[in-house]
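Here's a walk through this model, residue by residue and strand by strand. Have the viewer open while you read.

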Amino acid sequence: TQTSTTSQATSNATTLNHITINEFATRGPNGSYDEFAELYTPTNSDITITGWKLQYKSATGDTWQSKVGSGISGVIKSKSFFLLASKGYSLATQADYLHNANWGLSDIGGHLRIIDTNSTTIDKVGWGDANDAEGSPAPTLEENKSVARKSLTTDTDNNSNDFTLATPSPKNSSNQ
């Protein structure tokens with residue numbers, strides 16, 4: 001994960017210099033395809049993410065799989081959200097989708113990462129029994145729950161410190 005040169009304990013919206021995976025769920029009321037991943041940029045500039053990819057690998061796997069077809073298309077506005085959701089995500093209306101994606105994830109353990117057009121990992125999160133998390137894994141996902149970043153402006157590169165279980169609340173670019 002890219003990090004700022006400022007101490008991670010004191011990161012804020014003006015010093016954290018990369019997009020983060022802010023919240024995700026891999027199993028909702030309608031099963032394992034009822035899922036979303038929400039990105040956030042705490043930066044002071046808009047960031048074009050066309051060609052970037054959201055990828056998944058299992059808890060013990062070695063192979064990353066792209067979950068949004070050939071890549072994401074769009075711009076994340078400064079201090080704004082970008083929602084990637086399966087076509088059947090039950091907690092969002094059609095207006096919430098900035099990009100429809102349909103992918104299958106495990107609700108036991110795994111990894112998500114966002115990579116840029118150069119295949120550089122911008123942010124990564126491992127949860128449950130993940131073997132490749134940043135630091136220690138985030139909590140194990142539970143049905144109808146999400147894993148959410150504790151603070152929009154903090155990325156300590158330790159998933160257990162940065163994330164908590166939450167009630168799903170996916171946000172898109174209209175939420176600032």
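Contact here means heavy atoms within 4.5 Å. Bear in mind that this is a predicted model, where local features need pLDDT of at least 70 and side-chain atom pairs count only at pLDDT 80 or more, while totals for chains, interfaces and linings use all residues. Residues are numbered from 1 along each chain as its sequence is written, and side-chain values use heavy atoms, with hydrogens and water left out.

Leu39 also turns up in the largest nonpolar core, a group of 24 residues in which Ile19, Phe24, Leu39, Ile49, Trp52, Ile72 and Leu112 have the most contacts. The rule for such a core is a set of buried Ala, Val, Leu, Ile, Met, Phe, Trp, Tyr and Cys residues joined through side-chain atoms within 4.5 Å. Buried means under 20% relative accessible area, exposed means over 50%, and partly exposed is in between (1.4 Å probe, protein chains only). At least two residues of this core come from each of S1, S2 (36–41), S4 (53–58), S7 (80–85), S9 (110–115) and S10 (121–127). S10 gives the largest share, 3 residues. In soluble globular proteins, nonpolar side chains tend to be buried together.

Zooming out, the chain has 1 helix and 12 strands, both taken as DSSP runs numbered from the N terminus (helices are H or I with at least four residues, strands are E with at least two). In sequence order the pattern reads β-β-β-β-β-β-β-β-β-β-β-α-β. Of the chain's 176 residues, 52% count as buried. Among contacts with a separation of 6 or more, 58% are between residues 24 or more positions apart.

How are the strands put together? Two strands pair if DSSP finds at least two bridges between them. S4 and S9 pair over 6 bridges, and serine 58 stands opposite glycine 110 in S9.

Strand S11 (residues 146–149) has partners of its own. Antiparallel to S11 runs S1 (residues 20–25), joined to it by 2 bridges, with glutamate 23 opposite alanine 148. S11 also pairs with S12 (residues 163–166) in the antiparallel sense over 4 bridges, and there arginine 149 faces phenylalanine 163. Ser146 and Ala148 point one way from S11, Val147 and Arg149 point the other way, and all are buried.

Now for the rings. Rings of Phe, Tyr and Trp (its six-membered ring) pair if their centres lie within 6.5 Å; planes under 30 degrees apart count as stacked, over 60 as edge-to-face and the rest as tilted. The count by this rule is 3 aromatic pairs, and two of them are listed here.

| Pair | Centre to centre | Angle between planes | Type |
|---|---|---|---|
| Phenylalanine 24 and tryptophan 127 | 4.7 Å | 50 degrees | tilted |
| Tyrosine 40 and phenylalanine 81 | 4.8 Å | 50 degrees | tilted |

Phenylalanine 24 in S1 and tryptophan 127 in S10 are 103 residues apart, and both are buried. Tyrosine 40 in S2 and phenylalanine 81 in S7 are 41 residues apart, and both of these are buried too. Ring pairs also link Phe24, Tyr56 and Trp127 into a cluster.

Lastly, two aspartates. Is aspartate 155 buried or exposed? Aspartate 155 is buried, at a relative accessible area of 0%, in the loop between S11 and helix H1 (159–162). Its side chain makes a polar contact of 3.1 Å with that of histidine 18 and reaches the backbone nitrogen of aspartate 157 at 3.2 Å. A polar contact is a pair of N or O atoms within 3.5 Å; within protein, one must be able to donate a hydrogen and the other to accept it, and residues adjacent in sequence count only if both atoms are side-chain atoms.

Aspartate 132, in the loop between S10 and S11, is partly exposed at 27% relative accessibility. Its side chain and that of lysine 57 are joined by a polar contact of 3.0 Å.
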